[in-house]
Amino acid sequence: MVEVFKTNVQRPKQARILESELASQFPFVKINFDLEDCDKVLRVEGKKFAPDKVIELLHSNGYFCQVL
């Protein structure tokens, strides 16, 4: 399963922190941000994860996130 999200994450440091938090919640998924994309894309790839939980985690950290 691959899910792509639009975010408002701007800085690499912010992305690294969020990647760490996401990795702790979803240890068996591949997570990466493309901050050069106009949608500041977050890509999550793996067998088992809940897209709504990814959105919830970013929202709880003060960021916008929606499925593209």
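What follows are my notes on the strands, the helices, the core and the cysteines.

**Entry 1: what I'm looking at**

I noted at the start that this is a predicted model.

**Entry 2: strand β1**

I began with β1, which covers residues 2-7.

Next I looked up the partners of β1. It pairs with β3 (residues 41-45) in the antiparallel sense, over four bridges. In that pairing, E3 has V44 of β3 as its bridge partner. β1 also pairs with β4 (residues 65-67), again antiparallel, over three bridges. There, the bridge partner of T7 is C65.

How many bridges join β2 and β3? I got five, in the antiparallel sense. V44 turned up again, as the bridge partner of I31 in β3.

The hairpin of β2 and β3 has six residues between the strands. K40 sits in that loop, and its phi is near 45°, a positive value in a residue other than glycine. I flagged this one because most residues other than glycine have a negative phi. Is K40 buried or exposed? K40 counts as buried, because its relative accessibility is 17% and the cut-off for buried is under 20%.

**Entry 3: a closer look at I31**

I picked I31, which is found in β2. I31 has a relative accessible area of 16%, so it is buried. Leaving aside neighbours within four places in sequence, I31 is in contact with E19, L22, A23, L42 and R43. I also checked I31 against G46: they are 15 residues apart along the chain, and their C-alpha atoms are separated by 8.9 Å.

**Entry 4: helix α1**

α1 runs over residues 12-25. I tested its length: at 1.5 Å a residue, its 14 residues should span 20 Å. The end C-alpha atoms are 20 Å apart, so that agrees.

The buried residues I found in α1 are Q14, A15, L18 and L22. Why do I say they line one face of the helix? Seen down the axis of α1, they fall within an arc of 95°, so they line one face. The face turned away from that buried side carries the exposed residues K13 and S24. I then asked what covers the buried residues of α1. The cover includes β2, β3 and α2.

**Entry 5: helix α2**

α2 covers residues 51-60. Its buried residues are P51, V54, I55, L57 and L58. They cover an arc of only 160° around the axis, so they are on the same side of α2. On the other side, D52 and S60 are exposed. I looked up what the buried residues pack against, and got β1, α1, β3 and β4. Just after α2, I spotted G62 with a positive phi of about 90°.

**Entry 6: the nonpolar core**

How many residues are in the largest nonpolar core? I read off 19, and those with the most contacts inside it are V9, L22, L42, V54 and L58. α1, β2, β3 and α2 each supply at least two residues of this core. The largest share, four residues, comes from α2.

I followed up on L22. Leaving aside neighbours within four places in sequence, L22 is in contact with I31, L42, V54, L57 and L58.

**Entry 7: the cysteines**

How many disulfides does the structure hold? My answer is zero. C38 is in no disulfide, and the nearest cysteine sulfur, that of C65, is 15 Å away. C65 is in no disulfide either, with the sulfur of C38 as its nearest, at 15 Å. For a disulfide, the two sulfur atoms have to be within 2.5 Å.

I looked up how open each cysteine is. C38 has a relative accessible area of 70%, so it is exposed. C65 counts as buried, because its relative accessibility is 3%.

Note on methods. Residues are numbered from 1 along each chain as its sequence is written. This is a predicted model: local features need pLDDT of at least 70, side-chain atom pairs count only at pLDDT 80 or more; totals for chains, interfaces and linings use all residues. Side-chain values use heavy atoms; hydrogens and water are left out. Buried means under 20% relative accessible area, exposed over 50%, partly exposed in between (1.4 Å probe, protein chains only). Two strands pair if DSSP finds at least two bridges between them. A nonpolar core is a set of buried Ala, Val, Leu, Ile, Met, Phe, Trp, Tyr and Cys residues joined through side-chain atoms within 4.5 Å. Contact means heavy atoms within 4.5 Å. The expected span of a helix is 1.5 Å times one less than its number of residues. The arc is that of the directions from the helix axis to the C-beta atoms.
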